[in-house]
Amino acid sequence: MPEPAELEALLRLMPPVTESDTVVDWDEIAESWGRAFPAAYQRFIAIYGAGMIEDYLVIGTPEPWVEPPDGDGADMRAGTAFARVLWQDGRKEHDLEGATPRLILWAVDSSGDNLCWDASDPDPEKWPVLLYNRGKAIWRRYDCGMVEFLVRHLEGDFPACPLGDVSLFGRRRATFLTRTEYMRRLRSGVDPWTGEPDPYAGMYNYG
């Protein structure tokens with residue numbers, strides 16, 4: 001069965017390097033968050049897994065919601081809790097003033113930006129992206145899903161770069177590495193992104 005158009009586009013822009021190694025119980029996820037998650041996101045995790053795009057944009061592991069949240073801020077629970085604090089305190093674009101979104105974080109980047117869904121609608125296929133640009137200290141809404149957002153960002157199909165760094169904007173070709181593949185390359189003595197010998201190889205304990 002062919003993939004949705006936006007996922008086909010992402011596969012062309014960012015061909016998978018390895019298979020996903022992220023195993024998710026989507027029924028557990030849906031029950032704990034009170035929502036099923038978008039189909040394109042579930043396919044993304046099945047194809048790519050958790051990991052990072054070009055050492056900049058980190059897509060964390062889908063996790064069931066718990067109270068209180070714990071874990072790494074790049075992952076879904078703690079990251080969502082922090083994004084909700086940012087929403088309360090943060091400046092918003094005019095079209096978001098007075099909004100009360102149900103935020104769920106799906107990615108962060110090295111600029112400190114938070115990429116979330118507004119999961120207010122019971123239909124996950126209608127969830128837009130709400131993005132907190134830390135450098136400009138403002139929340140903005142993008143009327144597309146997570147995968148479409150990535151495609152449009154890599155194609156430069158926004159009036160301006162949404163994120164705090166322009167390195168991926170309009171790039172049209174990107175590499176995604178799972179955490180496992182990133183660590184494998186690091187331990188082998190090469191820079192995970194260039195494949196060149198890493199002069200710092202062996203100096204650190206990578207776990």
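**Helix, sheet and salt bridges in a predicted model**

Colleague: Which residues of H4 are buried?

Modeller: Helices (H or I, at least four residues) and strands (E, at least two) are DSSP runs, numbered from the N terminus. A residue is called buried under 20% relative accessible area, exposed over 50% and partly exposed in between, with a 1.4 Å probe and protein chains only. By that criterion, the buried residues of H4 are Met76, Arg77, Ala78, Gly79, Thr80, Ala83, Leu86 and Trp87.

Colleague: What pLDDT do local features need in this model?

Modeller: Residues are numbered from 1 along each chain as its sequence is written, and side-chain values use heavy atoms, with hydrogens and water left out. The model is predicted: totals for chains, interfaces and linings use all residues, side-chain atom pairs count only at pLDDT 80 or more, and local features need pLDDT of at least 70.

Colleague: What distance separates the end C-alpha atoms of helix H4?

Modeller: The expected span of a helix is 1.5 Å times one less than its number of residues. Helix H4 (residues 76-89) has 14 residues and should therefore span 20 Å. The model agrees with this expectation, since the end C-alpha atoms of H4 are separated by 20 Å.

Colleague: What is the radius of gyration of the chain?

Modeller: The chain has six helices and eight strands, in the sequence pattern α-α-α-β-β-α-β-β-β-β-β-α-β-α. For 207 residues the globule rule gives 17 Å, and the chain is close to that value, so it is as compact as a globular protein of that length. Here the radius is taken over C-alpha atoms, and the globule rule is 2.2 Å times the number of residues to the power 0.38. The radius of gyration of the chain is 17 Å.

Colleague: Of the contacts between residues at least 6 apart in sequence, what percentage join residues at least 24 apart?

Modeller: Contact means heavy atoms within 4.5 Å. Buried residues make up 47% of the 207 residues. Among contacts between residues at least 6 apart in sequence, the share that joins residues at least 24 apart is 54%.

Colleague: Do E3 and E7 pair in the parallel or the antiparallel sense?

Modeller: Strands of a sheet pair through backbone hydrogen bonds, either parallel or antiparallel. E4 and E5 (residues 114-118) are joined by five bridges and run antiparallel; E6 (residues 129-133) and E7 are likewise joined by five bridges and antiparallel. Arg91 has Ile138 in E7 as its bridge partner. Over two bridges, the sense in which E3 and E7 pair is parallel.

Colleague: Which residue in the turn of the hairpin formed by E6 and E7 has a positive phi?

Modeller: Within this pair of strands, Leu131 stands opposite Arg140 in E7. The hairpin has four residues between E6 and E7. A positive phi of about 55° occurs in the turn at Ala137.

Colleague: Which residue forms a salt bridge with Arg140?

Modeller: A salt bridge is a side-chain nitrogen of Lys or Arg within 4 Å of a carboxyl oxygen of Asp or Glu. In this pair the closest N and O atoms are 3.7 Å apart; the partners lie 47 residues apart, Arg140 in strand E7 (residues 138-142) and Glu93 in the loop between E3 (91-92) and E4 (103-109). Arg140 is partly exposed at 22% relative accessible area, and Glu93 is partly exposed at 30%. The salt-bridge partner of Arg140 is Glu93.

Colleague: Which residue has its backbone nitrogen 2.7 Å from a polar atom of the Glu54 side chain?

Modeller: Glu54 lies in the loop between E1 (51-53) and E2 (57-59) and is buried, at 17% relative accessible area. Its side chain makes a polar contact with that of Arg171 at 3.4 Å. Such a contact is a pair of N or O atoms within 3.5 Å; within protein, one must be able to donate a hydrogen and the other to accept it, and residues adjacent in sequence count only if both atoms are side-chain atoms. The backbone nitrogen at 2.7 Å belongs to Thr175.

How values were computed: Pairing = 2+ DSSP bridges.
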